[in-house]
Amino acid sequence: MTEPIIEVESVVKSFGGQRVIDGLSFAVNQGEIVGLLGPNGSGKTTTIRLLNGVISPDSGKIRISGMDPQTGGDEIRRRSGVMTESAGLYRNLTGKENLEFFARLYGVEKPNPRIRELLSDFGLEEHRSKKVGAYSTGMKKRLGIAKALLHSPALLFLDEPTTGLDPEGTRDLTRYITDLNRKYQVTIFICTHLLRQVEDVCRRFVFIAAGWVLDQGTLPEIENKYLGEVDLRVETELQVSGDSFLGFPIIHRKPGHYTFRVESKERIPEVLRAILAEAPLYTAEITGRDLETLYFKVRGDSR
């Protein structure tokens, strides 16, 4: 069984008498990509600071690779990389010069091969001599992740990595994140409020609000827990005059398309067989089970 690289148990943290983290508990296994998801102000960035030993919890237990961030913070930071929302790059240096500077800061031995490898991995080789101030937002994000990987960490923290990116930039960055996890077996912990942008990247999700965990699990686990009825959208030549088809309510229709309310996923084959018995069926899709929809269902059920 894979050992947890991050363990958080009943952690509490307050600032000025206001509780920001309220009994937070979760674990991340080696090699996973896990998303810590919640709105702004829910405690995501504070959680990263706690995990890195930058601030101390008021109570509770945190372990990173078995180490307490308060006593082993220096070693944890040597084994982990962090990319904040701002990326922390120097605008007047080139991309290559930024990596050279931080490689010296991190004490990377023989940095040039590593820098060349990362520039290539993140599609920045042809932009290595361009000043970072002239980089696009997406290029800065990619360089920020390359910077965080210079010392070959086992654990990577990404705080709002897709903020400010257009759809193409988001697609490219999420592909790079998936590829680096596969290539380097890096455990990746992503904090974001942009749920749709990490839905296909993360293997598990931890939903938080007001500093406490609403729920956590894989997408299928969360679906099974919170989705009872499902909406099934089909493209078909079926003609239905009433408000239902064989007892399945029609909640939306337009020419060539129907959306049926089905009481459970297990009954979907029954619907599809009934349609096919009467007319051609071209496509079928369950709607309303994206990560954002599930998040609001989790929030609603947790209140």
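Biologist: Which residues of α1 are buried?

Modeller: This is a predicted model, where local features need pLDDT of at least 70, side-chain atom pairs count only at pLDDT 80 or more, and totals for chains, interfaces and linings use all residues. Residues are numbered from 1 along each chain as its sequence is written, and side-chain values use heavy atoms, with hydrogens and water left out. Helices are DSSP runs of H or I with at least four residues, strands are runs of E with at least two, and both are numbered from the N terminus; buried means under 20% relative accessible area, exposed over 50% and partly exposed in between, with a 1.4 Å probe and protein chains only. In α1 the buried ones are K44, T46, T47, I48, L50 and L51.

Biologist: How many disulfides does a search of the whole structure find?

Modeller: A disulfide here is a pair of cysteine sulfur atoms within 2.5 Å. C191 is buried at 0% relative accessible area, and C202 is buried too, at 8%. The search of the whole structure comes back with zero disulfides.

Biologist: How far from C191 is the nearest cysteine sulfur?

Modeller: That sulfur belongs to C202. C191 is in no disulfide, and the gap is 9.9 Å.

Biologist: Are the rings of Y90 and F101 stacked or edge-to-face?

Modeller: Rings of Phe, Tyr and Trp (its six-membered ring) pair if their centres lie within 6.5 Å; planes under 30 degrees apart count as stacked, over 60 as edge-to-face and the rest as tilted. Y90 sits in the loop between β5 (80-83) and α3 (95-106), while F101 is in helix α3. Their centres are 5.4 Å apart and their planes are at 85 degrees, so this pair is edge-to-face.

Biologist: What kind of aromatic pair do Y258 and F260 form?

Modeller: Y258 is buried at 7% relative accessible area, and F260 is buried at 0%. The ring centres are 5.9 Å apart with 25 degrees between the planes, and the pair is stacked.

Biologist: Which ring does the charged end of R175 sit over?

Modeller: A charge sits over a ring if NZ of Lys or CZ of Arg is within 6 Å of the ring centre and within 35 degrees of the ring normal. For R175 the distance to the ring centre is 5.2 Å, and the ring is that of Y176.
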